[in-house]
Each structure stands twice: as C-alpha cells, then as structure tokens.
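Here is a quick walk through one protein model, taken a piece at a time. Keep the structure open while you read.

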Amino acid sequence: MSPNTYLDYDTCAACGGRCCKRHAGALFPSDIKGQMYDGLVKLLSTGMYQIDWYDKNPMMSFEELRGYTITLQTGELKRVESRAPKAMAYYIRPAHVETRGAVFDHSGGKTGTCVFWDAEKGCTSPSKPAQCRVLKPNPEDTTKCHYPNPIFGYLGSNRALGLMWWQHRETIRRAGRHFE
Ligand code: SF4
Ligand code: SF4
C-alpha cells in the first residue's frame, strides 16, 4: 500500500463518517484499470458511480502558479483569483444517495451521502477511491481531517479533481453519454 494512504479505521469508526455523509470521495485516474473508456463504462454500469464536474477550466494561469509557489515556499497563502472561462472538468465519484440514478450529477456546493456509506458497517466500497485513501484522519478533531497534498487546499477539492482528470474529460463525457 502506498505510503500516502491513510486508513485509520478506529478514528473513522468513532467519527461516524462525517466526510462520507457530506460528499463522496472521488476516484483518481489511477483508480481505473485498463482502457479508460471501458473502465469508466464498467463502473457507471453498476449504478454506483456518477460523473461530477468542476465548472471552469481548472488549468492554472502563470499568476496562479506563482502564487502557489510562494504559498509552498513561505507557508503564507497567496491565492490568486482564477479568471478561467466556463468548462466541464469532469471527474468520477461514487453516486450520492440523494441523486442516485442520474449519471451526470453536478454536486456544486450541495452535500450528498456516498452510496457506499453504511451507518453500521462504515465504508462498504470494494475499492476505496483514491481521494478517500489520501484524506488524512485527525484523531484530535474530525472537523480537521485534511489532504496532505497541498494542491487540494490551494485549489479546492473540485478544481484539483478537474485538473487531475482534465486530459480524460472527453472520454468521461462519452462514457456518460453511453447511458443516455
Ligand atoms: S476521514 Fe475524518 S471525517 Fe472522514 S470518517 Fe474519517 S475521521 Fe471522519
Ligand atoms: S467510498 Fe467509502 S470512504 Fe469514500 S466517501 Fe464513500 S463511504 Fe466514504
């Protein structure tokens, strides 16, 4: 298992899945085995996954990149406002109970409960998405579980996911259309 995988079952069991009841953790492209299109169709055909998206171009401008570099070097947050145009930066996550059945589901600022969340058993996913594996539980305060990779904190989760999946966005769209 990767050294960047944080599975702290005791802390998560005691917490009761605060994060899982707020928003499902997303997959990273490395979670898809084999051909991207075939892997996505296979996942979506289970009805347990949905396509979500960040609604602007997630690529960083030079000014943003500079701000991020300063943040990393000094620890002082130098966030630069993105002026990116509208876009559909798709990514994949487990479905939300509230919208299950829809293949395309833009969570935006809405909360949703992950379909793999079970009040008694906890996470029932056969393979935890990468975002769930890298979220670092905080035994002291579960409102402060965090992502050790600073890019999530700097860009925000949705944008970081849109960036990560950017090169596959057209493949995701095609895979989703397969079910319409
Ligand atoms: S990662 Fe944090 S918020 Fe999520 S279930 Fe574990 S302790 Fe709770
Ligand atoms: S896959 Fe598991 S750990 Fe991830 S959000 Fe869903 S229930 Fe929580």
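Predicted model: local features only at pLDDT ≥ 70, side-chain atom pairs only at ≥ 80, totals over all residues.

## Starting from a glycine

Glycine 67 sits in helix α3, which covers residues 62-74. If we skip the neighbours within four places in sequence, glycine 67 has Lys78, Arg79 and Val80 as its contacts.

## The overall picture

Let's zoom out. The protein has seven helices and four strands, and along the sequence they run α-α-β-α-β-β-β-α-α-α-α. The C-alpha trace spans about 45 × 40 × 30 Å along its principal axes. For 180 residues, a compact globule would have a radius of gyration near 16 Å, and the 17 Å of this protein agrees with that. Buried residues make up 25% of the 180. Among contacts with a separation of 6 or more, 73% join residues 24 or more positions apart.

## The strand pair and the core

Now for strand β1, residues 49-56. Six of its eight residues are buried, so the rest of the structure largely encloses β1. Its partner is strand β2 (residues 86-94), and the two pair in the antiparallel sense over seven bridges. One place to look is tryptophan 53, whose bridge partner in β2 is tyrosine 90.

Tyrosine 49 also belongs to β1. Is tyrosine 49 buried or exposed? It is buried, with 22 other C-beta atoms within 10 Å. Beyond four places in sequence, tyrosine 49 touches Leu43, Leu44, Ile92, Arg93, Pro94 and Ala95. Threonine 111, by contrast, is 16 Å from tyrosine 49, C-alpha to C-alpha, and 62 residues from it in sequence.

Which residues have the most contacts inside the largest nonpolar core? They are Tyr90, Tyr91, Ile92, Leu161, Trp165 and Ile172, in a core of 27 residues. At least two residues of this core come from each of α2 (36-45), β1, β2, α6 (157-165) and α7 (169-177). Tyrosine 91 is worth a click: leaving out neighbours within four places, its contacts are Ala26, Asp52, Trp53, Leu161, Gly162 and Trp165.

Helix α6 is mostly covered, with seven of its nine residues buried. Those buried residues are Asn158, Arg159, Ala160, Leu161, Gly162, Met164 and Trp165. The elements covering them include β1, β2, α5 (150-155) and α7.

## Around the two ligands

Finally, the ligands. Thr11, Cys12, Cys15, Gly17, Arg18, Cys19, Leu135, Pro137, Thr142 and Cys145 surround ligand 1. Ligand 2 has 13 residues around it, and those that come nearest are Cys20, Gly25, Cys114, Cys123 and Cys132. Here is how the two shells divide by class:

| Shell | Nonpolar | Polar | Charged |
|---|---|---|---|
| Ligand 1 | six residues | three residues | one residue |
| Ligand 2 | nine residues | three residues | one residue |

Methods:
Residues numbered from 1 in each chain as written. Chains lettered and ligands numbered in written order. Near = placed C-beta within 6 Å. Nonpolar A, V, L, I, M, F, W, Y, C, P; charged D, E, K, R; others polar. Buried ≥ 20, exposed ≤ 12 C-beta atoms within 10 Å, placed from the backbone. Pairing = 2+ DSSP bridges. Core = buried A, V, L, I, M, F, W, Y, C linked by C-beta atoms within 7 Å. Contact = placed C-beta atoms within 7 Å. Rg over C-alpha atoms; globule rule 2.2 N^0.38 Å.
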